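Subject: Structure handover

Hello,

Here is the structure I said I would pass on. My notes on it follow below.

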Amino acid sequence: MYLFKRVADLGQALGQEKKAGKRIGFAPTMGALHQGHISLIQSAKQQSDIVVASIFVNPTQFNDPKDFEKYPSTLQQDILLLTAAGVDYLFLPSVAEMYPEGPGAAHPHYDFGYIESVLEGAYRPNHFQGVGIIVHKLLDAVQPDDLFMGQKDFQQCMIIKRLLEITGINTQLHICPTLRENDGLAMSSRNMRLTPEQRTTAVEISRTLQWVKDNLGSRPFAELQAEGLTRLKAAGFEPDYLELASGNDLRLLEAPEDGLMAILVAARLGDIRLIDNMTLGG
């Protein structure tokens with residue numbers, strides 16, 4: 001595995017691969033890797049000739065500076081995992097490399113429309129603008145044919161889909177299934193911050209989602225939503241939302257409709273905020 005820290009050096013190396021007719025797959029990460037990330041790499045290896053991964057904790061997408069500071073870092077372990085998974089190129093830039101103008105400077109504003117205003121967008125103002133800025137920069141640096149992202153960040157995937165439309169970047173987005181622990185908890189870098197007691201509690205978030213999904217056809221969603229929120233509170237969570245949305249445009253739904261839908265949840269356990277979703281229909 002080759003490691004690059006500069007955009008220009010990475011671009012030169014990947015330019016040679018493209019000249020040789022190689023298809024490039026890309027999985028951007030913020031490090032603290034787990035098997036969910038590795039599954040993205042595996043998908044990329046199946047569909048690409050050259051696999052690029054990046055590790056960069058992006059300051060412009062954190063609303064809370066403390067959250068940015070506390071984001072787990074396991075760089076040496078991450079490098080070993082990526083090497084074992086067969087990554088060809090690792091891009092490991094500094095903040096100065098990705099933001100030579102400074103993270104606080106003026107950046108382009110992306111018209112993400114409605115999908116930026118609900119759910120995570122409502123609770124984390126400007127978060128998706130920060131995501132758009134860094135993914136645009138990374139796509140410019142890597143210029144991949146294929147982009148691999150996880151369904152756990154369902155709304156973020158829809159934002160990136162919109163980003164590709166806005167920018168006209170000719171990259172195909174692949175949304176890969178959420179990987180879960182044996183008890184059902186969605187794999188997440190934030191899980192590393194859970195205490196053993198919190199880890200035991202955390203599984204209730206996926207259990208509640210599954211319960212809502214299982215009962216969606218037999219009871220009004222408003223009832224399921226209210227009971228689901230009560231379940232989460234009883235377990236020790238402080239829920240932000242539990243919503244049913246269209247899987248195509250993220251319209252919040254009061255009742256099931258034809259086509260792909262997603263049940264999405266966000267809740268805090270102590271100072272750790274967890275998100276998860278499950279899809280159905282489609």
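Ala44 touches Val51 and Phe148, where residues up to four places away in sequence are not counted and contact means heavy atoms within 4.5 Å. Before going further, note that this is a predicted model, in which local features need pLDDT of at least 70 and side-chain atom pairs count only at pLDDT 80 or more, while totals for chains, interfaces and linings use all residues. Residues are numbered from 1 along each chain as its sequence is written, and side-chain values use heavy atoms, with hydrogens and water left out.

Back to Ala44. Its place is in helix 2; helices (H or I, at least four residues) and strands (E, at least two) are DSSP runs, numbered from the N terminus. Is Ala44 buried or exposed? Ala44 is buried, at a relative accessible area of 0%; buried means under 20% relative accessible area, exposed over 50%, and partly exposed in between, with a 1.4 Å probe and protein chains only. Between Ala44 and Phe62 there are 27 Å in space, C-alpha to C-alpha, and they are 18 residues apart in sequence.

Helix 2 and helix 4

Axes are lines fitted to C-alpha atoms, for helices over the stretch in contact, and angles run from 0 to 180 degrees between N-to-C directions. Angles under 35 degrees count as roughly parallel, over 145 as roughly antiparallel, 65 to 115 as roughly perpendicular and the rest as oblique. The crossing of helix 2 with helix 4 is right-handed, meaning that the near helix is turned clockwise from the far one by less than a right angle, with anticlockwise giving left-handed. On the helix 2 side the contact involves Gln35, Ile38, Ile41 and Lys45, and on the helix 4 side Leu81, Leu82 and Ala85. By class, these residues are 5 nonpolar, 1 polar and 1 charged; Ala, Val, Leu, Ile, Met, Phe, Trp, Tyr, Cys and Pro count as nonpolar, Asp, Glu, Lys and Arg as charged, and the others, Gly among them, as polar.

How covered is strand 2 (residues 24–29)? It is mostly covered, with 6 of its 6 residues buried. Ile24, Phe26 and Pro28 point one way, and Gly25, Ala27 and Thr29 the other. Strand 2 pairs with strand 3 (residues 50–55) in the parallel sense over 6 bridges. In strand 3, Val51 is the bridge partner of Gly25, and Ser54 that of Pro28.

Helix 7 and helix 8

Helix 7 also packs against helix 8 (residues 154–167), at an angle of about 55° and with the axes 10 Å apart. The two are therefore oblique to each other, and their crossing is right-handed.

Strand 7 is joined to strand 8 (residues 261–269) by 8 bridges, and strand 8 to strand 9 by 9 bridges. Leu264 of strand 8 stands opposite Glu243 and also opposite Asn277 in strand 9. Strand 8 and strand 9 form a hairpin with 2 residues between them, and Gly270 in the turn has a positive phi of about 65°.

Regards

Conventions. Two strands pair if DSSP finds at least two bridges between them.
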